[in-house]
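Hello,

Here is the structure I promised to pass on to you. Have a look at it first, and then read on for what turned up.

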Amino acid sequence: ILAATGNNNVGIAGVDWSTKVLPLQALGDAQDGTTITISRAIYYAVERDVDVINLSLGGDNEDPYLRQAIGYALDNDVVVVAASGNQGCDCISYPARYPEVVAVGAESQRGGPTRFSSYGDQLDILAPGEAMTSTTFTANNPTSAYASNLNGTSFSTPFVSGILSRQRAISTDA
């Protein structure tokens, strides 16, 4: 969604297919992990001079270590973008709930927020997040598999990250 190569007659085209991606797995394959593993990934990314960090994840609890890692990213001119959550209530997940993070909700195919997208005062923007097609990983096909009809703010977040990545590239080129 963020950076899949376009014009190749394969799969999908990402929002910013000219960007470089530093893929980091901060959570396990079963989507389990801690804010420590997420924070370590943020520090690692910042040290490698990324411009945008996409966090298609979230949780219910605030964490000082995670917020410190996000602060480190911001202090180094890195934009942090995070999913608002899929609870469909006024209950944005952390880290999207932090005011310094770009909080992304899911927009429906009809326009407006989806039923599942979390919302609230901290929400910054909506992006497509319903009936999505995305690259995926399978044991049999780890590099070129696709999945369709996916829903969630985790699919909306890379849209915004891709736009911000493209904007950063344009600003740098100017």
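This is a predicted model: local features need pLDDT of at least 70, side-chain atom pairs count only at pLDDT 80 or more; totals for chains, interfaces and linings use all residues.

Leu 57 has a relative accessible area of 15%, and because buried means under 20%, Leu 57 counts as buried. Beyond its neighbours within four places in sequence, Leu 57 is in contact with Leu 27, Ile 38, Ala 83, Tyr 94, Pro 95 and Ser 154. Asn 140, on the other hand, is 83 residues from Leu 57 in sequence and 25 Å from it in space, C-alpha to C-alpha.

The largest nonpolar core contains 23 residues, and Ile 38, Ile 42, Ile 53, Leu 55, Ile 70 and Ala 73 have the most contacts inside it. Two or more residues of this core come from each of H1, S1, H2 and strand S2 (79-83), with H1 giving the largest share, 5 residues. Another core, of 5 residues, lies apart from it and includes Val 79, Val 81, Ala 127 and Val 160.

Ile 70 is worth a click too: leaving out residues up to four places away in sequence, Ile 70 touches Ile 42, Val 80, Pro 95, Tyr 98, Glu 100 and Val 101.

Finally, the surface. Leu 22, Leu 24 and Tyr 44 make up a nonpolar patch there, and together they have about 250 Å² of accessible area. Leu 24 sits in the segment before helix H1 (35-47) and is partly exposed, at a relative accessible area of 37%.

Enjoy exploring!

Best wishes

Notes: Residues are numbered from 1 along each chain as its sequence is written. Side-chain values use heavy atoms; hydrogens and water are left out. Patches are made of residues with over 30% relative accessible area and no salt bridge: like charges are joined within 9 Å, nonpolar side chains (Val, Leu, Ile, Met, Phe, Trp, Tyr) within 5 Å. Accessible areas come from the Shrake-Rupley method with a 1.4 Å probe; for residues, only the protein chains shown count as cover. A salt bridge is a side-chain nitrogen of Lys or Arg within 4 Å of a carboxyl oxygen of Asp or Glu. Helices (H or I, at least four residues) and strands (E, at least two) are DSSP runs, numbered from the N terminus. Buried means under 20% relative accessible area, exposed over 50%, partly exposed in between (1.4 Å probe, protein chains only). Contact means heavy atoms within 4.5 Å. A nonpolar core is a set of buried Ala, Val, Leu, Ile, Met, Phe, Trp, Tyr and Cys residues joined through side-chain atoms within 4.5 Å.
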